[in-house]
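Here is a short note for a colleague opening this model for the first time. Please read the points with the structure in view.

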Amino acid sequence: MMKNSLPVGNGLGLMKFRTMRRLLGACIGMAAGFGVMAGPIAGLTAVTAAASAAVADDRADFTFINRGEVGTLDPNRMSWMQDIRIGYALWEGLYALDGDTLAPIPGAAAKVEVSDDKKTYTFTLRDNGKWSNGDAVTTADFAFAWRRMLEEPGDYTYLFHYIKGAQAYEQAYLQDNKAADFKTVGIEVVSPTVLKITLESPCPFFLDLAAFPPFFPLNEKSLEKFKQVDPKSGRVSYGGEFTQPPNLVTNGPYRLDKWQLKVGQHLVANPHYWDAASVQSKTIDALSVDDPILGLQKYELGDVDWIADTTGEIAANLKEKGRQDVKVFPSFGTYFYSFNCKEKLPNGDKNPLADVRVRQALAMSIDRRPIVKNVTRLGEAPANLYVPPVFPDYPTPTGLPMLDGKSNADVLAQARKLLAEAGYPGGQGFPDLKIMYNTDVAEHQAIAEIVARQWKKNLGITLTLDGIEIKQFQTRLHGKDYAISRASWYGDYNDVSTFTDKYKGDSLNNDSAWVNAEYDKLLVAATLEPDVKKRLALLAQAEQILVNEVPILPMYFYVNKYVMRDNVSGIPLNPRNMVVFKKVAATHSK
């Protein structure tokens, strides 16, 4: 689902990373009795305590530290975990997520009828569904938002290609919008309360998609003043100001009251929401905290109820001290390195990574064990596959050989042979490429240092570390303005295709620029295959191609890391790492 962007850190090197570990030990030591700490941490505690006392009376019913700075609240543009998390609080799709299981359940729609051939879904909206401004939610709101996804494509527009005629319409519109006919798309507004969706072929997870942010509705009337029309093409777009309060109109359990850069979002219960009686917390503060120690101190002082994803360093230290409020559990995501597979590097030079043998050599010469043992430290499993082991019936492909301390000599010999065959014997002539990572998480630099050392030792190649701030990182990764970059992916919905579809040739989420016709063909075949077992086998064949071709280098499977008080309810320990905020509450002492 989502690109994973952890919220905190300060880009420390491995030496400083170890220093931070000692500081964290001191910081965590205060937990038992909020004791006094020495040095700079103590000063930070005093400042935080003073600030806490000053805002205590204004505290929201529930306060949490989000995964990172929210980049956008436009459903058309959402792609990062922290954005999508807030999106689920503000909007509701035709279907929603169950608060405990995260399975799809009726949301803005009261019911759905599915045809016998599983290709037509007829949704009937609730008669009491309203927007935060009091307008009635209608089927036209969904048709408008979904049409916009095709006319102004976002990262997840490819998911709409399951709808009959959607991909053809998108292509026609972008070529000549005046010739494109939206009536050819299987999105039919039957009445203000009835919406008929016709698919190209059966899609067993379509109700999951109906609950996913790209499929949220939009209030067209509220966007009108932000409408922009290109005088030459006639194409329509909307200025991002519509996502700012008080402009943003939403249909979910909350409305956006405030949004301050580097501070966070203040959400207030939407009195017009159809299920307002079930909303447990009337106000929610989603904080953006760019320092892990400060975030933990806010939690220790009682200002924060939940840290949505702390660093592995903090979580490991908490666990070592026996803390029961740190929750570590399986995840729906994978940490990997992304290789730019274009023929030319961004600077115009020949790209050695365009050669599959180079990518395979790089993948086979990394020992993941020091990473999970010394950096992440929470029992993460080293990975040589992309899809995490969370789908019980999925036939697991075979990964490339990994260094494991047993057959290292044979694996390294094979890796060096591949590199030599590609024209770089012993690393000779290999260009000085950079490993890009975001500096808001110290772990990324620590991992990059380990990887660079191993590639130098095992293959004789030298790489430079390129640490940049998160916004620039997101832009460059998505714009393929890099050679090698840390990356990750969390699944969006409960199906293997949420991982495999990311690397479709036409997917805007395909940050590697890797295109394989056989891979795409298998994904199309899986889409058309009604037999569940055969469909999973096709997806496994596709992943096998990806594993062999190595557009990405899997490092380890994530674990989720919450820090959460016992007085918090409504947050499931679910691998999908999503929360239905209307079910969340925290009991605070007076």
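1. Start with helix H12. Val-411, Leu-412, Ala-415, Leu-418 and Leu-419 of H12 are buried, where buried means under 20% relative accessible area, exposed over 50%, and partly exposed in between (1.4 Å probe, protein chains only). Down the axis of H12, these buried residues fall within an arc of 120°, so they line one face of the helix. The arc is taken from the directions that run from the helix axis to the C-beta atoms. An α-helix has 3.6 residues a turn, so residues three or four places apart point the same way. Ala-409, Asp-410 and Lys-417 are exposed, on the other side of H12.

2. A word on the source. This is a predicted model, in which local features need pLDDT of at least 70 and side-chain atom pairs count only at pLDDT 80 or more, while totals for chains, interfaces and linings use all residues. Residues are numbered from 1 along each chain as its sequence is written, and side-chain values use heavy atoms, with hydrogens and water left out.

3. The expected span is 1.5 Å times one less than the number of residues. Helices (H or I, at least four residues) and strands (E, at least two) are DSSP runs, numbered from the N terminus. Just after H12, Gly-423 has a positive phi of about 105°.

4. Which helices do the buried residues of H12 pack against? They pack against helix H10 (356-364) and helix H13 (442-459). The axes of H12 and H13 are 10 Å apart, at an angle of about 80°. That makes H12 roughly perpendicular to H13. Angles under 35 degrees count as roughly parallel, over 145 as roughly antiparallel, 65 to 115 as roughly perpendicular and the rest as oblique. Axes are lines fitted to C-alpha atoms, for helices over the stretch in contact, and angles run from 0 to 180 degrees between N-to-C directions.

5. Next, the residues at this contact. H12 contributes Leu-412, Ala-415, Arg-416 and Leu-419, and H13 contributes Lys-457, Asn-458 and Leu-459; contact means heavy atoms within 4.5 Å. By class, four are nonpolar, one is polar and two are charged. Ala, Val, Leu, Ile, Met, Phe, Trp, Tyr, Cys and Pro count as nonpolar, Asp, Glu, Lys and Arg as charged, and the others, Gly among them, as polar.

6. H13 is mostly covered, with 15 of its 18 residues buried. From first C-alpha to last, H13 reaches 26 Å, close to the 26 Å expected at 1.5 Å a residue. Gly-460 follows H13 and has a positive phi, near 80°.

7. Now look at H4 (residues 139-151) and H5 (residues 166-175). Their axes come within 8 Å and cross at roughly 60°. That makes H4 oblique to H5. Arg-147, Leu-150 and Glu-151 of H4 meet Ala-166, Tyr-169, Glu-170, Tyr-173 and Leu-174 of H5. This contact has five nonpolar, no polar and three charged residues.

8. Leaving aside neighbours within four places in sequence, Gly-165 is in contact with Thr-184, Val-185 and Glu-200.
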